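Biologist: Could you take me through this chain step by step, in plain words?

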Amino acid sequence: MSPLVPIGLACGLASVALSEAVLRFGASVLERSLFRALAVGAALRTLWVLALTAWALSGGVGDGPAFVLPLLFGYLLAQVAEGIRYERYFERC
């Protein structure tokens with residue numbers, strides 16, 4: 001297994017931190033709107049993953065696919081986690 005696999009997965013899962021930051025620090029600004037929070041969180045995560053994908057495939061990583069595939073898998077896991085987390089957060093509010 002390439003050492004880039006866990007690094008890519010960690011970078012993909014790090015996008016959960018972006019969503020959590022939006023939820024923690026931006027919820028009051030977003031006026032407790034689930035749709036706005038989801039849109040901002042999704043936009044930030046997407047930009048993060050696209051930037052890392054472009055960097056990896058442009059030669060920033062020795063074996064691009066070994067990094068990008070786990071990155072995308074982590075991103076998809078983050079999408080699911082964000083949906084569950086935001087839904088529970090806004091149900092409590």
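Modeller: What follows is a short chat about the fold, then some single residues, then the surface.

Modeller: This is a predicted model, where local features need pLDDT of at least 70 and side-chain atom pairs count only at pLDDT 80 or more, while totals for chains, interfaces and linings use all residues. Residues are numbered from 1 along each chain as its sequence is written, and side-chain values use heavy atoms, with hydrogens and water left out.

Biologist: Okay, what is the secondary structure of the chain?

Modeller: The chain has four helices and zero strands, and its pattern along the sequence reads α-α-α-α. Helices (H or I, at least four residues) and strands (E, at least two) are DSSP runs, numbered from the N terminus.

Biologist: And how much of the chain is buried?

Modeller: Of its 93 residues, 34% count as buried, where buried means under 20% relative accessible area, exposed means over 50%, and partly exposed is in between (1.4 Å probe, protein chains only).

Biologist: Which residues are buried in helix α1?

Modeller: In α1, which covers residues 4–13, the buried residues are L4, G8, C11 and G12. Viewed down the axis of α1, the buried residues fall within an arc of 100°, so they line one face of the helix; the arc is that of the directions from the helix axis to the C-beta atoms.

Biologist: Moving on to S15, is that one buried or exposed?

Modeller: S15 is buried, with a relative accessible area of 0%, and belongs to helix α2 (residues 15–26). A polar atom of the S15 side chain lies 2.5 Å from the backbone oxygen of G12. A polar contact is a pair of N or O atoms within 3.5 Å; within protein, one must be able to donate a hydrogen and the other to accept it, and residues adjacent in sequence count only if both atoms are side-chain atoms.

Biologist: Which residues is S15 in contact with, leaving aside neighbours within four places in sequence?

Modeller: With those neighbours left aside, S15 is in contact with R45, W48, Y75 and A78, contact meaning heavy atoms within 4.5 Å.

Biologist: What about T53, where is it placed?

Modeller: T53 sits in helix α3 (residues 34–60) and is buried, with a relative accessible area of 15%. The T53 side chain reaches the backbone oxygen of V49 at 2.8 Å, and, not counting residues up to four places away in sequence, T53 touches V68, L71 and L72.

Biologist: Now R85, how far are its C-alpha and that of S19 separated?

Modeller: Those two C-alpha atoms are separated by 9.4 Å, although R85 and S19 are 66 residues apart along the chain. R85 lies in helix α4 and is partly exposed, with a relative accessible area of 24%. Leaving aside neighbours within four places in sequence, R85 is in contact with E20, L23, R24 and R92.

Biologist: Last topic, the surface: which residues make a nonpolar patch?

Modeller: L13, F73 and L77 make a nonpolar surface patch of about 270 Å². Accessible areas come from the Shrake-Rupley method with a 1.4 Å probe, and for residues only the protein chains shown count as cover. F73 lies in helix α4 (residues 64–92) and is partly exposed, at 48% relative accessible area.

Methods: Patch = residues over 30% accessible without salt bridge, like charges linked within 9 Å, V, L, I, M, F, W, Y side chains within 5 Å. Salt bridge = Lys/Arg side-chain N within 4 Å of Asp/Glu carboxyl O.
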